[in-house]
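Colleague: Show me the model, please. I'd like to ask where the labels come from.

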Amino acid sequence: MDTVRLGIIGCGSIASKVHMPYMKDVEGLEFVAVADQVEANRTRAVETYGVEGFDDGIALMESRKIDAVLITTPHYSHPELSMAAMQRGLHVLTEKPVAVTAQAAQQVNDFHAKHPDRVYAAMFQQRTRPAHKYIKQLIESGQLGDVMRVNWIITDWFRPNYYFATGSWRATWKGEGGGALINQCPHNIDLMIWWAGMPQSVIADTHLGRHHDIEVEDEVTAIFRYPNGASGVFITSTGEAPGTNRLEITGSRGKVVYESNSETGEIYKLQFTQTAVAVPEFSASVQEMFPVIDCRVDDVTPPDYPPPHHKTITQNFADAILGKAELVAPGEEGIHSIELANAMLMAGVTRQRIELPMDRSAFDAFLKDLIAKSDR
């Protein structure tokens, strides 16, 4: 195979405004078809890009006109469509989240394990930002030392009530499966895990519809405990303006501070402060009551990262199918951010500490109860 023929399932906002415009620039990929049950969405894509249109995703998969699919439908349909595509011999790139629950994500992972020749990727384009890769390198190289604390205030996801009114599925337990954690923050949660690993337990304070007339969470403050004893704090909201995007990761050899705009990617600050010696070693040996540890401060300027960011993942997906690259964001890894989001939601609503890995069946029952209550 020299060229990957791609079909997009779902022609809504994320597909039409973000993905379709860059498809012509992805090397080794040909955008040939779309599927959408909404005729107006499907017709717009067909007329704009000269592709073939289908009114059903399965019909597109069985047309034999594509080699791979990009899934951009509402959240709950992602696992079913991913497995249906793999079953029909197609490669899969799915928008975030890969599923609404960790149990559903595990089902896809198990299914993919039975079809290892299919490339399965997740749209975690934030992993490719130079600043994020720099932070990853600081940790993996040991320059930051052992991670001791992770704090992320990520409240610049402001959404007005109008945003939630644009789709009947938005901000509902039945249609979306959650709010800020499952919709706005999957990338942030994925990055925290990518950098620092999975926590071992979570407690949280979660507000449902605090700032908007919605069923789901729009403000969360969570506290993590990691296996090595490190702590973490994650704060998010879709009701604050102006919001804040500030990350601090403290290690035994210093800290990194990162401030940026979540929507545009503009960097306000990226600073790495490294201690001359490891802090535990300094603390054990110094003979002063109020010592000052020697540090070197580096203000880092990563290279420019022009949009569209999603194209980088799609190019990587095509390259992986053609045997030219390893995946930046394997679909199997999408389960981790889902499980942590599930844990934060359940911990906050039930006011209980959730141990990880969590009881996934218990979360499914918890979500079903939320759906049932919303139907009354």
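Colleague: What do the buried residues of H6 pack against?

Modeller: They pack against E7, H8, strand E11 (245-251), E12 and E13. The names are DSSP runs numbered from the N terminus: helices are H or I runs of at least four residues, and strands are E runs of at least two. Packing goes by contact, which means heavy atoms within 4.5 Å.

Colleague: Which residues of helix H6 (residues 130-140) are called buried?

Modeller: Pro 130, Ala 131, His 132, Ile 135, Lys 136, Leu 138 and Ile 139. The word is used for under 20% relative accessible area, while over 50% is exposed and anything in between is partly exposed, with a 1.4 Å probe and protein chains only. After H6 comes Gly 142, with a positive phi near 90°.

Modeller: Before we go on, this is a predicted model, where local features need pLDDT of at least 70 and side-chain atom pairs count only at pLDDT 80 or more, though totals for chains, interfaces and linings use all residues. Residues are numbered from 1 along each chain as its sequence is written, and side-chain values use heavy atoms, leaving out hydrogens and water.

Colleague: What makes helix H4 (residues 77-87) count as mostly covered?

Modeller: Eight of the eleven residues in H4 are buried. Among them are His 78, Leu 81, Ala 85 and Met 86. The cover includes strand E1 (4-9), helix H3 (57-61), strand E4 (68-71), strand E5 (91-94), helix H5 (102-113) and strand E6 (120-122). Gly 89 follows H4, and its phi is positive too, near 80°.

Colleague: How many residues are in the largest nonpolar core, and which have the most contacts inside it?

Modeller: The core has 57 residues, and those with the most contacts inside it are Leu 6, Ile 8, Met 20, Met 23, Val 34, Val 69 and Phe 317. Its largest share, six residues, comes from strand E2 (residues 29-35). To be called a nonpolar core, a set must be made of buried Ala, Val, Leu, Ile, Met, Phe, Trp, Tyr and Cys residues joined through side-chain atoms within 4.5 Å. Apart from that core lies another one, of 54 residues, including Met 192 and Phe 366.

Colleague: What does Val 69 touch?

Modeller: Leaving aside residues up to four places away in sequence, Val 69 touches Leu 6, Gly 7, Ile 9, Ala 85, Leu 90, His 91, Val 92, Leu 93 and Phe 317.

Colleague: Why is the meeting of Glu 263 and Arg 159 called a salt bridge?

Modeller: Their side chains come to 2.9 Å, N to O. The rule asks for a side-chain nitrogen of Lys or Arg within 4 Å of a carboxyl oxygen of Asp or Glu, so the pair qualifies. This pair links distant parts of the chain, 104 residues apart. Arg 159 has a relative accessible area of 14%, so it is buried; Glu 263 is at 44%, so it is partly exposed.

Colleague: How do you know that Lys 174 is exposed?

Modeller: Its relative accessible area is 51%, so it lands in the exposed class. Lys 174 forms a salt bridge with Asp 375 at 3.2 Å, N to O. Here the partners sit 201 residues apart, with Asp 375 in helix H12 (residues 360-375). Asp 375 itself is at 48%, so partly exposed is the label.

Colleague: How many salt bridges turn up in the whole structure?

Modeller: The search finds 18. Arg 149, Arg 246, Glu 248 and Glu 259 are linked in a network of them.
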